[in-house]
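Subject: The structure I promised you

Hi,

My notes on it follow below.

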Amino acid sequence: MDATLEESTAEASKLQDPAYLNELRAQLQKFAEMQLNDHQLAEDAVQEALIGAMKNAKSFSGKSAFKTWVFAILKNKIADILRKRHRTVEITNLAGNSASEDEDFSNLFDEKGLWNQGTEPAAWNNPEASLKEDEFWVVFETCLENLPEKQAKIFMMREHIGLSSEEICVNEELSVSNLHVLLYRARMRLQKCLEMRWFEEK
Amino acid sequence: MPSCKEATRLISLAQEKKLDFWESVQLKIHVLLCKYCSNFHKNTQFLSKISQAHKQRDSDET
């Protein structure tokens, strides 16, 4: 870290805590890497986001505001990188589909396409209240991590980063119908996972 | 009338684009008649809400 940067961050004393900064960096890196699928590119984006946020560190009262700010910057950087990607026409590994990505939920439905016994979706009991419970978020994140990689990535791009379907298709070189299939599978799996690990436990 | 499997596919698709008129009519009838797909429909919409809350939380938490 250079001297001028150190001076400006000195204002926010909490940002002097190396353990906190390393933890934050790890969170940012994990998030960026999942979206970008590229360690170095993710590291560059994280570094830029941290620099961008630290430059203005004085205006932040504490860790929480700083983290919000740095994540917001990182999301913008990731969105920019993803949007630019198609212009450089990368030949990406299209053959990255594992068997589990391709599953058709034949275990959920019978041959007529009706729900098999025991697989029917449940009515979620008071889901709004769950959003306020820390344990719910541990379960949700576990469910996200359990998704096949491609499904998780596409779901996050769509629902978390907020890219449009069109943008995702262009960036990921997916057809619209492939995108819909991936989102469908991700939504189905997440619902099943949340039901099993959370809503039916309650 | 779509099967439950087809109905769930359409429910997810409806998050991405407007379904065509008759697809939408058939899906709505199915959802009215089928408790399980009605649950899936509500849960899909709530999942979107969870993701929004997650995004918010992701940047808020210390």
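Before the notes, one term: buried area is the accessible area, taken with a 1.4 Å probe, that two parts lose on being put together, summed over both. Please also keep in mind that this is a predicted model.

With that term in hand, let's start where the chains meet. Chain A and chain B bury about 3500 Å² between them, and carbon and sulfur atoms give 59% of that. In terms of contacts, 42 residues of chain A touch 32 residues of chain B. Which residues of chain A lose the most area to chain B? They are Trp137(A), Tyr184(A) and Arg187(A), which together make up 16% of what that side buries. There are also three salt bridges between the two chains. One of them pairs the side chains of Arg158(A) and Glu16(B), with 2.5 Å from N to O.

Now for chain A by itself. Chain A exposes about 10700 Å², with carbon and sulfur atoms supplying 50% of that. If you take the contacts in chain A with a separation of 6 or more, 70% of them are between residues 24 or more positions apart.

Next, the inside. The largest nonpolar core has 54 residues, and the members that touch the most others are Leu74(A), Phe136(A), Leu194(A) and Ile50(B). Several elements give two or more residues to this core, including H6, H8 and H9 of chain A and helix H3 (35-60) of chain B. H9(A) gives the most, with nine residues. To see how this looks around one residue, click on Leu194(A). Leaving aside residues up to four places away in sequence, Leu194(A) touches Trp124(A), Phe136(A), Val139(A), Phe140(A), Cys143(A), Phe199(A), Leu47(B) and Ile50(B).

You will have spotted Cys143(A) among the neighbours of Leu194(A), which brings us to the cysteines. A disulfide is a covalent bond between the sulfur atoms of two cysteines. Over all chains the count is one disulfide. That disulfide joins Cys143(A) to Cys193(A), with 2.0 Å from S to S. What does it tie together? Cys143(A) lies in helix H6 (residues 134-146) of chain A and Cys193(A) in helix H9 (residues 176-199) of chain A, so the pair links parts that are 50 residues apart in sequence. Are its two ends buried or exposed? Cys143(A) is buried, at a relative accessible area of 1%, and Cys193(A) is buried as well, at 10%. The torsion about their S-S bond is about -80°, so this disulfide is left-handed.

Cys4(B) is in no disulfide, and its nearest cysteine sulfur, in Cys37(B), is 3.8 Å away. Cys4(B) is buried, with a relative accessible area of 5%, and Cys37(B) is buried at 0%.

Last, two spots in the backbone. Most residues other than glycine have a negative phi, and most peptide bonds are trans. Asn126(A) has a positive phi of about 45° although it is not a glycine. You'll find Asn126(A) in the loop between H4 and helix H5 (127-130) of chain A, partly exposed with a relative accessible area of 48%. The other spot is Glu173(A), with a positive phi near 50°. Glu173(A) sits in the loop between H8 and H9 of chain A, just after H8(A), and counts as partly exposed at 36% relative accessibility. In H8 itself (residues 165-172), Ser165(A), Ile168(A), Cys169(A), Asn171(A) and Glu172(A) are buried.

Cheers

Methods: Residues are numbered from 1 along each chain as its sequence is written. Chains are lettered from A and ligands numbered from 1 in the order in which they are written. This is a predicted model: local features need pLDDT of at least 70, side-chain atom pairs count only at pLDDT 80 or more; totals for chains, interfaces and linings use all residues. Side-chain values use heavy atoms; hydrogens and water are left out. A disulfide is a pair of cysteine sulfur atoms within 2.5 Å. Helices (H or I, at least four residues) and strands (E, at least two) are DSSP runs, numbered from the N terminus. Buried means under 20% relative accessible area, exposed over 50%, partly exposed in between (1.4 Å probe, protein chains only). A nonpolar core is a set of buried Ala, Val, Leu, Ile, Met, Phe, Trp, Tyr and Cys residues joined through side-chain atoms within 4.5 Å. Contact means heavy atoms within 4.5 Å. Accessible areas come from the Shrake-Rupley method with a 1.4 Å probe; for residues, only the protein chains shown count as cover. A salt bridge is a side-chain nitrogen of Lys or Arg within 4 Å of a carboxyl oxygen of Asp or Glu.
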